[in-house]
Amino acid sequence: MHLKPQYIIVILLFIYGGLTHEIYGQNISIYGYVQDSINGETLIGATVKNKESTVGTVTNNYGYFSLSVPSNTLQIICSYVGYQSKTIDIKKSKLKGLQIALVPQNREVKEVVINSERLDKNVRSTEMSRIEMSGEKLKSLPVIFGEPDVLKAITLMPGIKSGGEASTGFYVRGGGPDQNLILMDEAVVYNPSHLFGFLSVFNSDAVKGIEVIKGGMPANYGGRLSSILNVSMREGNNQNFKYSGGIGLISSRLTAEGPIEKGKSSFLISGRRTYIDVLAKPFIPEDLSGNSYYFYDLNLKLNFILGQKDRLFVSGYFGRDILDFKSPTNRAVNFNLGWGNSTATLRWNHVFNPKLFSNTSVVFNRYELFNDFKFGSGGFSVRSGLVDWNLKSDFTWFAHEKHMVKYGFNYTFHTFTPGILSGNVGRTSINEEINKQFAHEYALYFLDEWNVNQRWSLNYGLRAVAFQLVGPYTQQNFDNNTGLPDGGSKQYTAGQTIAFYPRLEPRFNANYLINEVSSIKASYTQTYQFLHLATTSGAQFPLDLWVPSSRLIKPQMARQYAIGYFRNLKQNTYETSAEIYYKPMRNQIEFKPGANLFFNQNLENEMIFGEGLSYGLELFLRKKEGKFNGWVGYTWSRTTRQFDELNNGKAYFYRYDRTHDFSLLLSYQISKKWASNFVFVYGTGNATTLPDSRYAYRFGIDPQTGEPLFVFVDRYSDVNSYRMPAYHRADVSFTYLSKQTKKFESSWNFSIYNIYNRANPYFIYFLPDVQTQTVKAYMVYLFPILPSVQWNFKF
Amino acid sequence: MTRQIINIGVLWLLLISLVSCEKKIKINVPMSKEELVVEASINQLSINFNYVILSKTLDYFNPSLNLAAVSGAEVYITEGDIIGVDTIFDIVNRFQFIDYVDTIFPGIYLSPDFRGTANKPYKLEVFLKDGRSITGTTFIPKPKTIDSLNFWFEPTEKDTNVFFYMNWMDGPEQDNYRLTLRNGFIPILTGWGYGSRFYTFDDSQINNQPRPFFNFSPYKYNDTLHIYLATIGRKEFLFWDSFRSAAGNGGPFATPVSVKSNVTGAIGSFTGYGLTQRSVIFRKE
């Protein structure tokens, strides 16, 4: 077998790294968890350092750390932004496993915390293209309708572009919205939107923090080409019962949490529901009564500390959007549409020994769409969806102070239900099912974080992935010209392989520390994606379908090369970075113009396959601490797609190509009671396809007037050759802490969205004007200046 | 199915309309290359639907909302025969379509002698003075018979909503349909464009059993409804199906759609219709 150079490099590094670590001296391991002293929540990313040296580590996603220090070490120090640092005397502790409880600083300091990272992480870690945000910060940002939103918030980060105001879709370094892996406590979220994309499914009360990886993806992540959005949910207070919530303009939230057994276990239950339907009721005309739309979601988490070595987490999410429609002209016609995600996760943390930590998860995940249509004598219902069963195990081996090795496996069984249609029209019955599809997805990985010496550190790894589409399945043959079955078919029995794609994904990150405050980093990432979203729009819509790779649909593939210069200023108060990336993509999928994606037995025939390319420069400046903090980011980028069947085979701008993208976020703590945020975003207009000619068709003559009748049909030439006007807006928000006692806390958040009332383009349409005998263009824009208020409370 | 999507789209647009605003903007699009457009229709039932309309594309912002008609072309339709696997077109069965009413409605080519026959193939030939030509073939499928047609009133009998239900037998063969509805005055020469509601569908969901159809948008008491149910060939269906998407294009989730023409040398279609026509007056006898 011929191995490509990138694989050889990874293997050689692993061998060399393993050999070299024997030469170091005798050490001891300090390990344990870091948590909040008030509510017992574990702290992710807290720093644990040997007080007498610069050697340190950070807590992982479960708050666990393991630090290898010389046996004569006396003290370690634990710190976390927004908390008082704590020094632990090693000699006095029994070293069985530490439970370090950090005390939060007073509120006015905590309020301005922008993240929870180690202060010099920006320079020292091998990570690049990664941003984190706390749940608390998320809630203080300016929002639409008083509803804090994870997916809106991350689009303020450089390199992440919004799909628009009515979309929770986001675009990372030229990738599509389906190329982002969205995880909620390790469960994949297939449709992250409520309200047709206006809001996301994440309830901010239940969110502990978010992490976005847009490049340099370590080997423990995979499955999507462009990015990882990791949303961690809160565990619940294991010390006291607490209630919190918020009342916004369109929805309210309520969260209850508390100990099941004090200090040992906790629960958190958080719900949210819109009341658009209730608020709109008085304004709906009588003939439209009975129509309603609402969504709700429910988060549940149970957390058990079973001992020094074991912790168990059970978490779940259940969310639904429900739309009821009754025809105003025919009350017998009733239309009901619903969609939503359900997830359940069982996680088990186990500490085998101070150096070996594991997490094993079983995840169930379902996305479903249901649609019932009734009309007097008949009716039908449509069901579609996707169900995943996932088992994964991740091990972290703190092998040595210079090596941290991660390895693990991930197995998912997918069941795709593209559509089941049943019902009747009069005496005619309709029963049709698009063949279900079944697939196994496997991943096996290892990575090594290796601090080679004072200057060099590496994070290299290899992820072996495989996708196996299996029977039972009947593969019908279709005539490509007519779209009709040609009579031929192939039958696959249960478990029989239909398509099998084994692939290797090498990952490589390197950091060269120039000095204490600056470094150069480089990364190489290769990723494959086996699931694809069937959509013709830029945003995710409830009717969109996830489809697996098959004999015809090859896995999407991307390589990403990135290099960056990172520098901290003024004792790590300011972070700066400049990153350049180059990302070619293969087997990109588009649909033929006018493709019918709904209930189509031959969806593959509607697809076309091509290539993509994205490259750009991202500049970032962030002030992390102080009363006045925030960030400014600028991206210059270019993203193209090339399909033989589109644009005469010539490359064209991707719809969300943005030459310039600028974002500014400023936070200022005005006083103990008042805090403020200011946001400004600017982006080059989206590329769009406009007609360049038109023709009249479906001709007729009105015999009463003698007037000719026809419709105009638009004709298109170049794809995405027109640019919409630029998108920009400024928002401001003020948070007023109205009451803060030991038992009760309440605050108001006042936001003004789009303060200078910019008409940002949503879409353009054309209308013929008979009076002037011309065609006129109109631009639709969504949100003008929009004030909102939200009340939050905790007791 | 389509109706479901339309319903979702309508509700979604309703939602958007509650929060959206619009303004007129100026857009410059480059000049386009002119292309010929043909709309040719033949059937076995009525001469009113036998015509060829020739026009051309216009620059998008061209200050004209009229048909950009092409006059003076030589237009022929030839009836053929299927012998075994071969289709033979004999020149003796060739009919010339002439733009008789060119001064009033330019670009419309008619033939008073032409009658279509079910289960026959046809060839279209168009020759322009500048040397360009258009060719295409079609087939008039066997028409369907509407087996039943019922209507009812909701909620009262007078000045109220009327719904109707009809069905016909969809056979075991693959069938494609165009259905056009028109209420009111019966036209003499109207063309398909005089219809008020248009439907294009195939039998992929309901095959070889009674095919139902009923209206969701009501008519009024005393309305006269003319129903034109036509069977069409597959490539003609693909054209009209793509036309439906192209003509209704627009909005934020729209993608540019090009029609799937079944002629060469122009955009458009040559469609043979196996036509059935029924009329009904919505009132109690």
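Helices (H or I, at least four residues) and strands (E, at least two) are DSSP runs, numbered from the N terminus. By that count, chain B has two helices and 18 strands, and chain A has six helices and 50 strands. This is a predicted model: local features need pLDDT of at least 70, side-chain atom pairs count only at pLDDT 80 or more, and totals for chains, interfaces and linings use all residues. Residues are numbered from 1 along each chain as its sequence is written, while chains are lettered from A and ligands numbered from 1 in the order in which they are written.

**Confidence**

- The model scores ipTM 0.90 and pTM 0.85.
- pLDDT is the predictor's confidence in each residue, from 0 to 100.
- Chain A averages 84, and 89% of its residues score at least 70.
- Chain B averages 85, with 87% of its residues at 70 or above.
- Among the elements of chain A, strand β28 (residues 456–470) has the highest mean pLDDT, 95. Helix α2 (residues 107–110) has the lowest, 44.
- In chain A, pLDDT stays under 50 over residues 107–117. The model has 38 contacts for this stretch beyond four places in sequence; two residues are in contact if their C-beta atoms, placed from the backbone, lie within 7 Å.
- In chain B, residues 1–6 stay under 50. They have seven contacts beyond four places in sequence.
- Where pLDDT is low, the predicted coordinates should not be read in detail.

**Burial and cores**

- A residue is buried if 20 or more other C-beta atoms lie within 10 Å of its own, exposed if 12 or fewer, and partly exposed in between, with C-beta atoms placed from the backbone.
- Of the 795 residues of chain A, 48% count as buried. For the 285 residues of chain B, the share is 36%.
- A nonpolar core is a set of buried Ala, Val, Leu, Ile, Met, Phe, Trp, Tyr and Cys residues joined through C-beta atoms within 7 Å.
- The largest such core has 55 residues. Those with the most contacts inside it are A:Val150, A:Ile154, A:Val207, A:Ile210, A:Val212 and A:Val231.
- A second, separate core has 54 residues, including B:Phe49, B:Ile140, B:Leu238 and B:Trp240.
- Beyond its neighbours within four places in sequence, A:Ile154 contacts A:Ile160, A:Phe170, A:Ile210, A:Val212 and A:Leu229.

**Two domains in chain B**

- Chain B is divided into domain 1 (36–140) and domain 2 (142–260 + 270–281). The bounds come from an automatic or database domain assignment.
- Taken over C-alpha atoms, the centres of domain 1 and domain 2 of chain B are 23 Å apart.
- Their contact takes 20 residues from domain 1 and 17 residues from domain 2.
- On the domain 1 side, β2 (36–43), β8 (120–127) and β9 (133–140) of chain B each supply at least two residues. The largest share, five residues, comes from β9(B).
- That side has ten nonpolar, ten polar and no charged residues. Here Ala, Val, Leu, Ile, Met, Phe, Trp, Tyr, Cys and Pro count as nonpolar, Asp, Glu, Lys and Arg as charged, and the others, Gly among them, as polar.

**A strand pair in chain A**

- Strand β1 (residues 27–36) of chain A pairs with β7(A) in the parallel sense over five bridges. Two strands pair if DSSP finds at least two bridges between them.
- In β7(A), A:Ala101 is the bridge partner of A:Gln35.
- In a regular strand the side chains alternate between the two faces of the sheet.
- Strand β7 (residues 98–102) of chain A has a covered face of A:Leu98, A:Ile100 and A:Leu102. Its uncovered face holds A:Gln99 and A:Ala101.
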